Amino acid sequence: MQSRALEILVGLFVCLGVAAVFVLTFRVASLENIGGSGQTYRVSGMFQNIGGLKVGSAVTIAGVKVGRVRAIDIDPQTFQAKVSLDIAQQYDKIPEDSSAKILTSGLLGDQYIGLEAGGMDEYLKDGSELTLTQSALVIENLIGQFLASQGESKDDKLADAIGKLADSLQNKNNSVTPGVHP
C-alpha cells in the first residue's frame, strides 16, 4: 500500500515537472498575443544581412513590443532578405518614413527589429514597405575585421621593431672601438 502511494506521488511530481517545462517553453518563446485584440497589419523591409533574426522575433518601438517577425524570404532579383512584420493594429500611427534596424538584446542575446519613428504625416498600413533599413551587426564579421586589422598592424610594428633593432646593432658595431666593450 505504501509503495502504491509513493508511485502515485512520483507520477504526480513527474506530471508537474512536464507541465512546468511546457509553461516555461511558451514563456521563453513569448507566444502570447501582441495586442489586446490580436488584430495586426503587415509591413515588410529589405535587409542586406539579417544575422540570427528568426521568425517570431520581436518588433519594438522605444523598447515596447509592437509586433513580431512574420516571415523571412530571399528576393530572387536582389538576393536580399525580405522580412515581413506583423504589427498590432493598436499601433497604427507609425509614420511611413520610419526606419528598421536589426538589434541584439544584450551582448550575445536574441536579435529583434527596432523601429525608429519618422516624422511624416502618412502612416504605415497593411502592405507598406520600410525603405530605411539597417542590417544586423554580425559579431563574427566584426571579430574577423578586428583580427585582420590587428594582424596587419602587428606585422608592421614587428617589421619596424626588427628594422630599428638591426639599425641600432649596426650603429653599435660601427661605433665599437677595438679593445673597449660597451
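Which residues does Ile113 touch, not counting residues up to four places away in sequence? Select Ile113 and these contacts: Phe47, Leu53, Ala58, Val59, Thr60, Val69, Val83, Leu85, Ala100, Lys101 and Ile102. Contact means heavy atoms within 4.5 Å.

This is a predicted model, in which local features need pLDDT of at least 70 and side-chain atom pairs count only at pLDDT 80 or more, while totals for chains, interfaces and linings use all residues. Residues are numbered from 1 along each chain as its sequence is written, and side-chain values use heavy atoms, with hydrogens and water left out.

**Whole chain**

Colour the chain by secondary structure to see two helices and eight strands, in the order α-β-β-β-β-β-β-β-β-α along the sequence. Helices (H or I, at least four residues) and strands (E, at least two) are DSSP runs, numbered from the N terminus. Among contacts with a separation of 6 or more, 65% are between residues 24 or more positions apart.

**Strand 6 and its partners**

Next, select residues 111-116, which are strand 6, and residues 58-61, which are strand 2. The two pair in the parallel sense over three bridges; pairing requires that DSSP finds at least two bridges between two strands. Val59 stands opposite Ile113 here.

**The core**

Show the side chains of Val83, Leu85, Ile113 and Leu115, which touch the most other members of the largest nonpolar core, a set of 20 residues. Strand 1 (40-47), strand 3 (64-74), strand 4 (81-88), strand 5 and strand 6 each give two or more residues to this core. Strand 4 gives the most, with four residues. A nonpolar core is a set of buried Ala, Val, Leu, Ile, Met, Phe, Trp, Tyr and Cys residues joined through side-chain atoms within 4.5 Å. Buried means under 20% relative accessible area, exposed over 50%, and partly exposed in between (1.4 Å probe, protein chains only). Of the 182 residues in the chain, 22% are buried.

**The surface**

Switch to a surface view: the accessible surface of the chain is about 13,000 Å², with 59% belonging to carbon and sulfur atoms. Areas come from the Shrake-Rupley method with a 1.4 Å probe; for residues, only the protein chains shown count as cover.

Finish at helix 1, residues 2-29, where Leu9 is placed. Leu9 is exposed, at 56% relative accessible area.
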